[in-house]
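I opened my notebook for another look through a single chain. Here is the structure I had on screen, followed by what I looked up.

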Amino acid sequence: MLRLGALAAGAPAVLGATASPALAGGHGHQPSLVVGHRGASGYRPEHTLASYELAARLGADFIEPDLVSTKDHVLVARHEPEIGGTTDVASRPEFASRKRTVLLDGISVTGWFTHDFTLAELKTLRATERIPAVRQHNTLYNGLFPVPTFQEILDLRKRLSKELDREIGVYPETKHPTYFRELGLDLETPLVQVLRRNGLDRADAKVFVQSFEAKNLQALREDYRLRAPSIFLTSATGSPFGDTTTYAEYLTPAGLRRLARYADGIGPDKSQVIPRKADDTLGEPTTLVKDAHAAGLKVMPYTFRAENAFLPADYRVGTDPAAYGRAIDEQVTFLKTGLDGLFTDQADIGVLARSAAYAHV
């Protein structure tokens, strides 16, 4: 099933052969990267080995796992520590008593949490599609795939790099690092240990460690001596948890220069690169890409998705929220601002958009 993933996804398998374009663009005239957001989450339930493998086969340069901790301090890939919406745990009577309410970064969340399960217990669960109303096709795979560990993802990366004859990068995110640290399950220690054990804690490694908490990245660089490149993720509003500096302040020219002391790039919400107008159509680019490049930082925004529900109004086709719109055109428009890469749920579309954007450069 996994090896036929590209065909089963309804996308041309041959696209994987075009993953390393000769055309250049973006900061430092390097090819813009295609990051498989949670794998190929447009085609498979997110954060599964099946999703990561398909992303690589469709041409992604990097696969992106969100990392959380189990009760026995093993890093696994889930979008959030709460797993009621991404696994079959709610249908498992043996775990009914594990459901509870926690304060997650100041927000009350009810459900089942990875840190209440040992790895052995978590491995008995199976992944489910997180947004079935939009991605009904992905529900075909509900119940098939287990929750992977970070090490299993790196093992897959190594195997696919050899098989596809190109190095697949890994783009791990520390999810809610302050929350896990307060539980006595810090994400930094096992993350750095696993990267070093796999020979990936190097400045030239095909790795980007990302976080929405700037202080987390600063600690990784200064206290944990992380040598692999890192990316500061930003939201269109608010501030990192426990941080008095807003995301908007971090993205000023002065803020970007400060970030460059311990980060190698930023991962902004795509609306911070090109905002939408009041009528939900796409507006004009901001100066963020230029400002970040002036500070020596790469820019790789999130998240590009093909469905109308996620597209600007002028890039939608028809009225069905789950139908595909003009996703290639949207990504081309963004890539022409000089991005160093982008996060996409459909890696094959990202590869096509990259080729189209730089066809005449």
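Which share of the contacts in the chain with a separation of 6 or more comes from residues 24 or more positions apart? I found that 69% of these contacts do, where contact means heavy atoms within 4.5 Å.

**Ground rules.** I noted that this is a predicted model, that local features need pLDDT of at least 70 and side-chain atom pairs count only at pLDDT 80 or more, while totals for chains, interfaces and linings use all residues. Residues are numbered from 1 along each chain as its sequence is written, and side-chain values use heavy atoms, with hydrogens and water left out.

**Whole chain.** I counted 12 helices and 13 strands; these are DSSP runs numbered from the N terminus, helices being H or I with at least four residues and strands E with at least two. The radius of gyration is 19 Å, close to the 21 Å from the globule rule for 361 residues, so the chain is as compact as a globular protein of that length. That radius is taken over C-alpha atoms, and the rule is 2.2 Å times the number of residues to the power 0.38. Along the principal axes, the C-alpha atoms fill a box of roughly 55 × 45 × 45 Å.

I then looked at burial: 56% of the 361 residues are buried. Buried means under 20% relative accessible area, exposed over 50%, and partly exposed in between, with a 1.4 Å probe and protein chains only. The accessible surface is about 14,500 Å², with 55% of it belonging to carbon and sulfur atoms; the areas come from the Shrake-Rupley method with a 1.4 Å probe.

Over residues 32-339 I read 26% helix and 13% strand, with the end C-alpha atoms 6 Å apart.

**Val 209.** I found Val 209 in strand 9 (residues 209-211), buried with a relative accessible area of 0%. Glu 173 is 36 residues from Val 209 in sequence, yet their C-alpha atoms are 5.9 Å apart. Leaving aside neighbours within four places in sequence, Val 209 is in contact with several residues, including Leu 191, Leu 195, Leu 217, Leu 220 and Leu 226. Pro 172, Pro 229, Ser 230 and Ile 231 are also in contact with Val 209.

Most residues other than glycine have a negative phi, and most peptide bonds are trans. I therefore noted the exceptions below.

- The peptide bond from Tyr 302 to Thr 303 is cis, with omega near -20 degrees; Thr 303 is in the loop between strand 12 (298-299) and helix 11.
- His 47 has a positive phi of about 55 degrees without being a glycine. His 47 sits in the loop between strand 1 and helix 2 and counts as buried at 0% relative accessibility.
- Asp 165 has a positive phi of about 60 degrees, also without being a glycine. Asp 165 lies in the loop between helix 4 (150-164) and strand 7 (169-170), and at 72% relative accessibility Asp 165 counts as exposed.

**The loop between strand 11 and helix 10.** I checked two residues here. Is Ile 274 buried or exposed? Ile 274 lies in this loop and counts as buried, at 2% relative accessibility. Beyond its neighbours within four places in sequence, Ile 274 is in contact with Leu 282, Gly 283, Glu 284, Pro 285, Thr 333, Phe 334 and Thr 337. Thr 287 lies in the loop too, between strand 11 (265-267) and helix 10 (288-294), and is partly exposed at 45%.

**Thr 86.** My last stop was the loop between strand 4 (75-77) and strand 5 (100-104), which holds Thr 86. At 6% relative accessibility, Thr 86 counts as buried. Not counting residues up to four places away in sequence, Thr 86 touches Glu 46, Arg 78, Arg 126, Ala 127, Thr 128 and Arg 130.
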